[in-house]
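My entries follow in the order I looked things up.

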Amino acid sequence: MTVDRRTVLIGVAGLAGCSTVEPAGTSEPVAVRRQPGVVTAPHPETEYVAFDVTAPDRAGLAAALEALSSPATGTTVTVAAGASLFDGRYGIERPRRLTPMPSFRGDAPDPRWCHGDLLVQIGADTRDRISAALAVPRPGLKPRWRLAGTHRERNPFGFTEGAGNPDTTDPAVMDRCVWVQPGDDEPAWCVGGTYQVVRLIRLDRAAWDAQPARSQERVIGRHKDSGVPLGRDAVDDVVEFAADPDGAIIPLDAHIRRAYPHTGRERPILRRGHAYRLAGTDAGQIFVCFQRDVELGFTTVQRRLAGEALERFLRPFGGGYYFVLPAGGDFPGQTMLAG
């Protein structure tokens with residue numbers, strides 16, 4: 001849907017962003033509020049906590065959402081819902097494209113680390129601030145899984161984090177790729193939300209680190225020091241894969257070639273990455289992405305990645321599909337409950 005009149009207001013001190021859009025057939029603008037923590041830059045420290053909701057009714061769910069999203073000093077809180085929240089307990093219409101995350105090739109899902117009725121993403125500059133935010137009692141919620149991550153310029157593979165992401169400063173790009181719009185085939189309450197994918201991935205660091213840098217670059221398809229695609233001059237250069245049909249420059253099984261096989265990038269996803277370490281050699285990446293349509297975004301890309309060269313170094317074991325709730329009302333999810 002094309003929106004003619006749009007203004008974007010950036011929230012103060014981490015408050016939700018807001019825009020106004022004109023639905024088709026009316027001249028009256030409709031305010032759309034969006035949660036922070038999506039298009040805003042990631043904090044150095046972020047924690048993901050999934051919950052199962054034990055509240056018996058909508059009033060209890062509302063109280064849980066309000067407590068979960070309450071601001072804490074120096075933190076950015078983003079609340080999302082999993083498919084299981086829409087199982088009929090609360091009579092809420094499910095986002096059309098929200099399903100439990102399926103298993104893909106190479107996955108070894110551990111039920112203890114998968115899914116959840118609600119997911120909270122809490123970012124801050126220090127881990128202490130996140131711990132203080134999570135120490136607040138939250139009635140009606142039972143923790144399911146929890147994992148902390150650190151965002152740095154380079155990911156656990158040693159490559160530049162976020163290279164090739166769409167421009168988060170361009171509202172039109174974010175509306176096209178990330179935010180659910182009026183007129184989409186979604187329940188009305190979903191406008192201003194977005195689909196969030198979380199993947200918990202162990203990395204076989206011993207095997208990866210044993211590879212020379214040149215081999216690692218051919219696995220990814222980028223130069224390790226700069227993030228520039230092989231054979232190109234700048235990080236965001238569009239790679240003309242058709243001009244390299246045999247993979248002489250960027251191998252046919254390179255990550256960026258499988259992830260972006262078309263130069264148009266009609267539905268790019270907004271990716272975020274965080275390194276985690278649980279204990280000993282149990283370390284890897286929390287991969288997160290946001291998109292307007294999870295099937296046309298992450299799911300399509302993930303299917304194309306089957307058989308990529310990077311696959312043998314990855315051990316995906318958890319995460320899920322979620323829907324980031326619009327920020328309308330006194331707390332995220334209030335418009336959902338009013339529908």
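**Largest pocket.** This is a predicted model, and I went to its open space before anything else. I sorted the residues lining the largest pocket by type and got 21 nonpolar, 11 polar and 14 charged. The pocket itself holds about 910 Å³ of space. I then asked which of its 46 lining residues sit closest to the centre, and noted down His-255, Ala-259, Arg-271, Phe-287 and Leu-305. The elements that supply two or more lining residues are strands E8 (194–203), E9 (270–279), E10 (282–291) and E11 (314–324), plus helices H6 (255–259) and H7 (295–304). Which element gives the largest share of the lining? That is H7, with seven residues.

I put the largest cavity at about 140 Å³. It has 15 lining residues, and those nearest its centre are Gly-37, Pro-42, His-43, Thr-46 and Gln-121. Two or more lining residues come from each of E4, E5, E6 and E9. E6 gives the most, with three. By type, I have the lining of this cavity down as five nonpolar, nine polar and one charged.

**Whole chain.** I stepped back for the overall tally: eight helices and 11 strands. Of the 339 residues in the protein, 50% are buried. I also checked how far apart in sequence the contacting residues are. Taking contacts with a separation of 6 or more, 73% are between residues 24 or more positions apart.

**Helix H1.** What caps its N-terminal end? I found Asp-57 there, with a side-chain oxygen 3.3 Å from the backbone nitrogen of Ala-59. The buried residues in H1 are Gly-60, Leu-61, Ala-62, Ala-64, Leu-65, Ala-67, Leu-68 and Ser-69. A reminder to myself on spacing: an α-helix has 3.6 residues a turn, so residues three or four places apart point the same way. The cover over the buried residues of H1 includes strands E4 (45–53), E5 (75–82), E6 (118–124) and E7 (141–150), along with helix H8 (334–338).

**Gln-35.** Is Gln-35 buried or exposed? Its relative accessible area is 5%, under the 20% cut-off, so I count Gln-35 as buried. Then I looked up what its side chain meets. A polar atom of the Gln-35 side chain lies 2.7 Å from the backbone oxygen of Val-79. I also found the backbone oxygen of Leu-325 at 2.7 Å from a polar atom of that side chain.

**Asp-52.** My last stop was Asp-52, in strand E4. Its side chain makes a polar contact of 2.9 Å with the side chain of Arg-144. Setting aside neighbours within four places in sequence, I listed the contacts of Asp-52 as Gly-116, Asp-117, Gly-140, Leu-141, Lys-142 and Arg-144.

How values were computed
Residues are numbered from 1 along each chain as its sequence is written. This is a predicted model: local features need pLDDT of at least 70, side-chain atom pairs count only at pLDDT 80 or more; totals for chains, interfaces and linings use all residues. Side-chain values use heavy atoms; hydrogens and water are left out. Buried means under 20% relative accessible area, exposed over 50%, partly exposed in between (1.4 Å probe, protein chains only). Helices (H or I, at least four residues) and strands (E, at least two) are DSSP runs, numbered from the N terminus. Contact means heavy atoms within 4.5 Å. A polar contact is a pair of N or O atoms within 3.5 Å; within protein, one must be able to donate a hydrogen and the other to accept it, and residues adjacent in sequence count only if both atoms are side-chain atoms. On a 1 Å grid over the protein atoms alone, a cavity is a set of points where a 1.4 Å probe fits but cannot get out, and a pocket is an open set with protein on both sides within 12 Å along at least five of seven lines; lining residues have an atom within 4 Å of a point. Grid points are joined across faces, edges and corners, and a volume is the space filled by probe spheres set on the points. Ala, Val, Leu, Ile, Met, Phe, Trp, Tyr, Cys and Pro count as nonpolar, Asp, Glu, Lys and Arg as charged, and the others, Gly among them, as polar.
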